[in-house]
Amino acid sequence: MTRGLTRHFTSRKQTVEAVQGLDLEIGQGELVAFLGPNGAGKSTTLRMLTTLIPPTSGSASVAGHDVVTGQRDVRHAIGFVGQGNGAGHRQLGRDELVSQGRAHGLSRADAHRRAAQLVEDLDLAAVADRKVSSLSGGQRRRLDIAMGLVHLPRVLFLDEPSTGLDPQNRANLQQLIQRLHAESGSTVVLTTHYLEEADALAGRVIVVDHGRVIADDTAARLKSGLGDLVRLGFGSAADAARAAARLERVPDSRVDVDETSVDLRVKDGSTLVGEVLADLAADGVPPTRVEVARPTLDDVFLDLTGRSLREAQSTESPTDESTRTESEVAA
Amino acid sequence: MSTFVSDTLNVMNRELKPVWREPMAVVFAMIQPLVFLGLFAPLLPEMATGGGSALQWFVPGIVAMTALMGASFTGANLMEEMQSGSHERQLVSPLGRPALLVGRALKEVVPMLMQVAIIVAVVTPFSFDLHLGGVLAAAALLSVFSVGVGALSFALALASKGEDWMFWTIQQTLLFPALLTAGVLLPIDGAPRWLEVVSMLNPMTYVVDAARALFAGTWPADVILQGAAGAAIVAAVGLLVGVRAMRRSS
């Protein structure tokens with residue numbers, strides 16, 4: 001059981017508040033994704049929950065133990081797969097699994113048995129007895145995950161597990177995480193800046209931006225709250241304007257006109273679209289093109305923050321981030 | 001068995017795995033001292049070294065130099081693990097912070113002893129008299145010394161926070177003054193007063209003096225005691241500083 005209480009943040013170098021007053025409660029057995037752009041405070045949150053850095057203020061407990069006063073108990077209860085490679089590059093994969101098992105208090109024989117089991121489970125047989133530096137990115141990631149699982153942790157933390165993997169390996173990794181979660185019943189908490197990943201993997205998505213939680217729900221509910229996007233194309237800008245005026249009457253909708261195209265954002269747009277088309281045809285402005293898109297988590301992020309996740313990713317330099325948060329603090 | 005002991009053994013064991021698997025790396029790491037041995041020893045005039053063969057005087061110094069170099073480089077291994085992420089993984093494991101440092105520092109003894117054995121084996125056919133008991137006693141002193149230097153090197157790696165240039169600049173800046181003022185390459189006798197003072201303040205001086213006496217098969221109690229004290233001071237300071245640095249590591 002992970003009970004994240006209020007957690008103010010940690011000063012790295014100066015007073016950059018990377019995580020500001022987070023209140024969270026995650027139940028045993030959940031699979032949760034922290035989604036947000038780089039610098040949103042996802043990793044910082046994870047580093048606090050895994051005892052790597054203490055919170056500046058507030059508190060958090062993981063598996064029933066406080067992350068500050070019960071560090072040792074927390075470390076016993078959790079598995080951690082960081083952004084880098086947990087396995088030492090000069091070591092052999094199997095040796096690292098055994099040493100990790102020993103660190104968690106397994107006997108020599110148990111550690112070896114568990115290592116052998118994980119090697120088989122995670123399809124590492126061909127590479128477990130090779131030097132870690134000679135493994136591919138995907139193989140290393142699997143080895144790192146195996147290391148995080150050695151002691152059957154109650155909570156497994158994965159910090160951007162799929163970063164740097166090709167699409168094939170990313171898909172494999174997602175399947176692996178889902179399988180492990182289903183088999184072990186452990187709580188799994190991961191961070192990602194890939195929408196598709198959060199969408200495909202997690203039962204619950206916590207959207208983080210500028211160190212704050214801005215949404216916390218299932219991916220399906222986050223998206224259905226936003227509604228579908230119906231994009232209509234017209235022969236001329238005048239037709240588009242006329243159609244837009246007519247569409248304003250659709251209840252609980254949002255209409256945006258861009259020259260000859262009109263975006264209608266509405267719940268259950270895919271079922272309403274037939275009615276909409278008939279109505280517009282009757283009004284003398286039949287659309288020349290129709291597209292209906294289910295909302296993506298990117299749309300959710302855009303809706304919540306006013307900018308798309310990809311934008312936030314590429315334009316936000318760390319200095320922007322810090323000045324923004326500082327001005328917020330001052331304000 | 002307490003957790004500190006079992007954690008320390010676990011860490012040491014892990015650190016030794018690459019040493020056992022690739023023992024040649026230990027030999028490569030000592031090329032520099034061997035080059036010094038080959039090129040420097042023939043230049044030493046017999047009289048400067050107190051009468052005996054130049055090799056007899058020079059070998060203990062080279063052994064101490066090997067210990068100092070090997071142990072002071074070792075932080076680079078930790079640095080690599082800090083950059084790759086495996087240090088972070090160990091910090092999240094239940095391994096105690098002191099064990100993470102002490103286990104690593106203790107491991108330094110093994111490659112150091114292998115190197116002493118190689119140097120002694122190489123020079124024994126030449127004008128070098130082997131006094132096995134003395135060599136073993138000197139090796140014990142140097143083991144303590146290596147643990148301290150290794151711990152300091154890890155502390156430096158932790159303080160450098162993964163910045164290679166900082167680690168190497170500081171390590172190189174300290175390495176040669178430590179070697180020279182300890183009288184490893186040239187005798188300090190007859191040096192200017194200030195240099196003598198610096199030499200007297202360098203704990204390695206006493207370790208090297210004790211190693212010279214022991215390698216010559218002599219057992220002057222005061223010199224050996226001073227050497228032991230020098231090694232013990234380095235070890236104590238190293239472990240203290242190292243454990244503190246490891247506790248702060250995140």
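1. Helices here are DSSP runs of at least four residues, and strands are DSSP runs of at least two. In this predicted model, residues 165–188 of chain B are 71% helix and 0% strand.

2. Residues 165–188 are one of the stretches of chain B that the UniProt annotation, from an unreviewed entry, labels "transmembrane region". Residues 223–243 of chain B are 100% helix and 0% strand, and their end C-alpha atoms lie 30 Å apart.

3. Chain B meets chain A through 17 residues, which are in contact with 25 residues of chain A. On the chain B side, helix H1 (3–21), helix H5 (75–84) and helix H6 (86–92) each supply at least two residues. H6(B) gives the largest share, five residues. By type, the chain B side has five nonpolar, six polar and six charged residues.

4. Chain A is assigned two domains: domain 1 (2–222) and domain 2 (228–294). Their C-alpha centres lie 44 Å apart.

5. Chain A also holds an open sheet of six strands in the order E5-E6-E7-E2-E8-E9, with mixed pairing. Strand E5 (78–81) and strand E9 (212–217) of chain A each have a single partner strand, so one side of each is left without a neighbour in the sheet. On average, neighbouring strands of this sheet are turned by 15° against each other, direction ignored.

6. What joins E5(A) to strand E6 (residues 155–159) of chain A? Four bridges do, and the two strands run parallel. Within this pair, A:Val81 stands opposite A:Leu158 in E6(A).

Definitions and conventions: Residues are numbered from 1 along each chain as its sequence is written. Chains are lettered from A and ligands numbered from 1 in the order in which they are written. This is a predicted model: local features need pLDDT of at least 70, side-chain atom pairs count only at pLDDT 80 or more; totals for chains, interfaces and linings use all residues. Two residues are in contact if their C-beta atoms, placed from the backbone, lie within 7 Å. Ala, Val, Leu, Ile, Met, Phe, Trp, Tyr, Cys and Pro count as nonpolar, Asp, Glu, Lys and Arg as charged, and the others, Gly among them, as polar. UniProt positions are given in the numbering used here, feature names are shortened, and annotations may be inferred rather than shown by experiment. Domain bounds come from an automatic or database domain assignment. Two strands pair if DSSP finds at least two bridges between them. Axes are lines fitted to C-alpha atoms, for helices over the stretch in contact, and angles run from 0 to 180 degrees between N-to-C directions.
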